[in-house]
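Please prepare a briefing on the structure shown below.

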Amino acid sequence: MSIQRKQSYPEYLDLHPVAKVQGTVRLPGSKSISNRTLLLAALANGTTQIHDLLASDDTLVMLTALKKLGVAWEQAEGTQTYTVQGSGGAFPVHQADLFMGNAGTAIRPLTAALAAMGGDYTIHGVARMHERPIGDLVDALNAIGTRIAYTGVAGFPPLHIQRGQLHSQRIQVRGNVSSQFLTALLMAAPLMAKHEAVTIEVIGELISKPYIEITLNLMQRFGVTVARDGWQSFTVAAGAQYQSPQTIHVEGDASTASYFLAAGAIAGGPLRVEGVGKDSIQGDVRFVEALQQMGAGITLGDNWIEVSSNGVLKAIDADFNHIPDAAMTIAIAALYAEGTSTLRNIASWRVKETDRLSAMATELRKLGATIEEGSDYLRVTPPAQLKPATIDTYDDHRMAMCFSLAALDGAARRGTTVRINDPQCVAKTFPDYFTVFAQIAEQKLL
């Protein structure tokens, strides 16, 4: 199988204080868009050419699973362009054992699609994946007649999916744990709407709404328009089928953009990221609004964003429910602000690749920050000078990328030497991250 080139890192990286960053970064493809697009292309009628697909562990997991399910795809040599042969809503292989790593954007939508089709599938991942909840999705599906069984701890993968018998077209799912559950049901809905419309009702408050906007946008690109009643219910018409758009381009990853944009806001700039801009379909592009509140200078183009520092950042107190992944970067930017910053409504951090609320609090304290950790908030008071620290990354790509920024000096003159343990974990979404970081910092990695 032809697959992506991987950057290899040692057991740890030492990053020394960086006075200034500047330059241009071409972003890797969005993880959220990449894995959704791969699954939709696999389910569609027709052949889809996907340009700028993300090269990462999470997309490799989805590509490998699709191949095991009989979906044919090819990668154009030396590029991130893939051609996927659609299966017309039914995978050719009806029995398979699928390893999903720690990719939530792969395991959850694929679970719903396989349950809707029926067959004999086992689906599992790394140890941390078996600690990440999937019970709300399984309950929603089994309530309408699918057959999904837990083979480990109830409420969590691994799963055994068999052929069920759908008896209802109205699905209810809780919205306050992970928006990926609703995304999974939406993407699988056309498979269940052959003869009757399917309606999905959200119970309670829906978190991470911008990620649902990505799902709805991409479904429409593949020929399925979802009727909606606000954020409470979503209906897919009877007979809806995915049709290939023939060609689709993956936007740059807006969550990944946050590290470079924050670096520019902290340590001078100008720094430009290319691949996302004012017309992005990703909610995380709104990260720039938080940076603006903190005093950074922001300019947006159609397909680029540029940031520069306006001096020491200002503390922020804001609700980050809409951009939970990018909000982690704000917690690091808060180390360079005047005063105490509060990040609110971020309970979803606890069910990500690690318990990010606890992990962020622990590692920020190592740098000398005063931290208050609540059930759904984080309060950060920076020290006068950051302490040198060895940062544990918890096999979480975003922890590694976030804490690289603690090496920046910036207007606050607070940068320090940080040792990043297990830098290889960035392969989940951006294998070349530290190489690119070194380029904008104009320093060699040790």
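Just after helix α6, Gly223 adopts a positive phi of about 90°; helices (H or I, at least four residues) and strands (E, at least two) are DSSP runs, numbered from the N terminus. This is a predicted model, in which local features need pLDDT of at least 70, side-chain atom pairs count only at pLDDT 80 or more, and totals for chains, interfaces and linings use all residues. Residues are numbered from 1 along each chain as its sequence is written, and side-chain values use heavy atoms, with hydrogens and water left out.

- Helix α6 covers residues 209–221, and its 13 residues should span 18 Å at 1.5 Å a residue; the expected span is 1.5 Å times one less than the number of residues. The end C-alpha atoms of α6 are 19 Å apart, which agrees.
- The buried residues of α6 are Pro210, Tyr211, Ile212, Ile214, Thr215, Leu216, Leu218 and Met219. Buried means under 20% relative accessible area, exposed over 50%, and partly exposed in between (1.4 Å probe, protein chains only).
- Thr215, a residue of α6, has a relative accessible area of 1% and is therefore buried.
- Leaving aside residues up to four places away in sequence, Thr215 touches Arg36, Thr183, Leu186 and Met187, where contact means heavy atoms within 4.5 Å.

**Nonpolar cores**

- The largest nonpolar core contains 83 residues, and Leu364 and Leu378 have the most contacts inside it. Helix α7 (residues 254–266) supplies the largest share of this core, nine residues.
- A second, separate core of 79 residues includes Leu69, Ile134, Val173 and Val224.
- A nonpolar core is a set of buried Ala, Val, Leu, Ile, Met, Phe, Trp, Tyr and Cys residues joined through side-chain atoms within 4.5 Å.

**Packed helices**

- Two packed helices are described by the angle between their axes and the distance between the axes. Axes are lines fitted to C-alpha atoms, for helices over the stretch in contact, and angles run from 0 to 180 degrees between N-to-C directions.
- Helix α1 (residues 31–43) packs against helix α2 (residues 57–68) at an angle of about 10°, with axes 9 Å apart. The two helices α1 and α2 are therefore roughly parallel to each other; angles under 35 degrees count as roughly parallel, over 145 as roughly antiparallel, 65 to 115 as roughly perpendicular and the rest as oblique.
- On the α1 side, the contact involves Lys31, Ser34, Asn35, Leu38, Leu39 and Ala42, and on the α2 side Asp58, Thr59, Met62, Leu63 and Leu66.
- Helices α10 (residues 356–366) and α11 (residues 397–404) pack at about 30°, and their axes are 11 Å apart. This makes α10 roughly parallel to α11.

**Leu191 in helix α5**

- Leu191 belongs to helix α5 (residues 179–192) and counts as buried at 11% relative accessibility.
- Apart from residues up to four places away in sequence, Leu191 touches Leu43, Gly89, Ala113, Ala116 and Met117.

**Backbone features**

- The peptide bond from Pro157 to Pro158 is cis, with omega near 5°, and Pro158 lies in the loop between β8 (147–150) and β9 (159–162).
- A cis peptide bond with omega near 0° leads from Gly269 to Pro270, and Pro270 is found in strand β15 (residues 268–274).
- Asp52 is not a glycine, yet has a positive phi of about 65°. Asp52 lies in the loop between β3 (47–51) and α2 and is partly exposed, with a relative accessible area of 37%.
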